[in-house]
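Here is a short briefing for a first look.

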Amino acid sequence: MMGSSKNPVGKRVFDDKYEFPQDTQALADDIWDAYVTRVGTSADRGLIPPGQLRDGIVFRETDTGYVYLRAGGEWQIVGGITPIALMRRTAAALTATSGDYRNISASAAWTATGGRLRGGMTYSNGIVVPVDGTYEVFWAMRGKDPAPASFAGIAINKDTGVGGDDMWALGHMPANILTIGTASARVVLNANDKLTLFAYASSGTLTVMDSPSGIQGTQWGARWVAP
């Protein structure tokens with residue numbers, strides 16, 4: 001007979017009949033059952049022996065800031081410093097001309113200064129996402145002298161050859177001397193998918209503007225929202 005038992009709340013209680021190795025093993029089993037959170041680099045997570053992997057354990061990566069949960073036999077991000085990109089306009093010229101779906105994602109036209117680029121997000125003539133998941137993609141644009149049918153949207157893994165059917169977060173920019181358009185959508189992306197921002201003008205030239213000091217600037221981006 002072992003010299004220990006668990007009380008009604010699951011706490012191990014030892015008495016004066018402690019026996020070795022049975023009670024020592026019971027204590028080791030308790031520690032194993034409670035060992036649900038681990039910390040290390042992304043490489044360390046990949047080195048966990050298969051016999052130590054079980055659903056319900058959590059791993060906090062020190063190099064990425066991601067928090068993973070083991071569920072269904074796989075690692076899934078559930079929190080931490082999750083991926084976000086919010087890019088703001090620079091002073092580079094940016095226009096969309098008549099009848100042309102124009103890719104306006106050039107790196108020179110966008111900066112994370114005053115915005116945000118974290119959680120493994122990178123920018124290379126578009127936003128490159130670091131992990132699988134559901135993302136909210138969005139844009140807000142100030143335009144000058146837009147045509148009656150001017151709009152913008154976000155494409156996935158396309159730098160050219162885009163039409164309206166290829167874009168998410170498709171939004172109209174009303175015809176006026178100065179107008180503001182905005183839209184958002186949720187999309188499922190794979191790691192290394194690239195997002196590009198496109199604008200279209202049915203006639204004339206749509207000039208994508210920056211904003212005066214103190215006014216929210218033209219911007220676009222994406223943020224991870226779920227596995």
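The largest pocket holds about 150 Å³ of space. This is a predicted model, where local features need pLDDT of at least 70, side-chain atom pairs count only at pLDDT 80 or more, and totals for chains, interfaces and linings use all residues. Residues are numbered from 1 along each chain as its sequence is written, and side-chain values use heavy atoms, with hydrogens and water left out.

**Pocket**
- A pocket is an open set of points on a 1 Å grid over the protein atoms alone, where a 1.4 Å probe fits, with protein on both sides within 12 Å along at least five of seven lines; lining residues have an atom within 4 Å of a point.
- Its volume is the space filled by probe spheres set on the points, which are joined across faces, edges and corners.
- Tyr 68, Trp 75, Gln 76, Ile 77, Val 131, Asp 132, Gly 133 and Pro 227 line the largest pocket.
- Strand S6 (residues 74-80) gives the most to this lining, three residues.
- Strands are DSSP runs (E, at least two residues), and helices are too (H or I, at least four), numbered from the N terminus.

**Surface patch**
- Phe 14, Tyr 18, Phe 20, Leu 27 and Ile 31 make a nonpolar surface patch of about 540 Å².
- Accessible areas come from the Shrake-Rupley method with a 1.4 Å probe.
- Phe 20 sits in the loop between strand S2 (12-14) and helix H1 (22-34).
- Phe 20 is exposed (over 50%) because its relative accessibility is 65%.

**Asp 55**
- Asp 55 lies in the loop between helix H2 (42-46) and strand S4 (58-61).

Notes
Patches are made of residues with over 30% relative accessible area and no salt bridge: like charges are joined within 9 Å, nonpolar side chains (Val, Leu, Ile, Met, Phe, Trp, Tyr) within 5 Å. A salt bridge is a side-chain nitrogen of Lys or Arg within 4 Å of a carboxyl oxygen of Asp or Glu. Buried means under 20% relative accessible area, exposed over 50%, partly exposed in between (1.4 Å probe, protein chains only).
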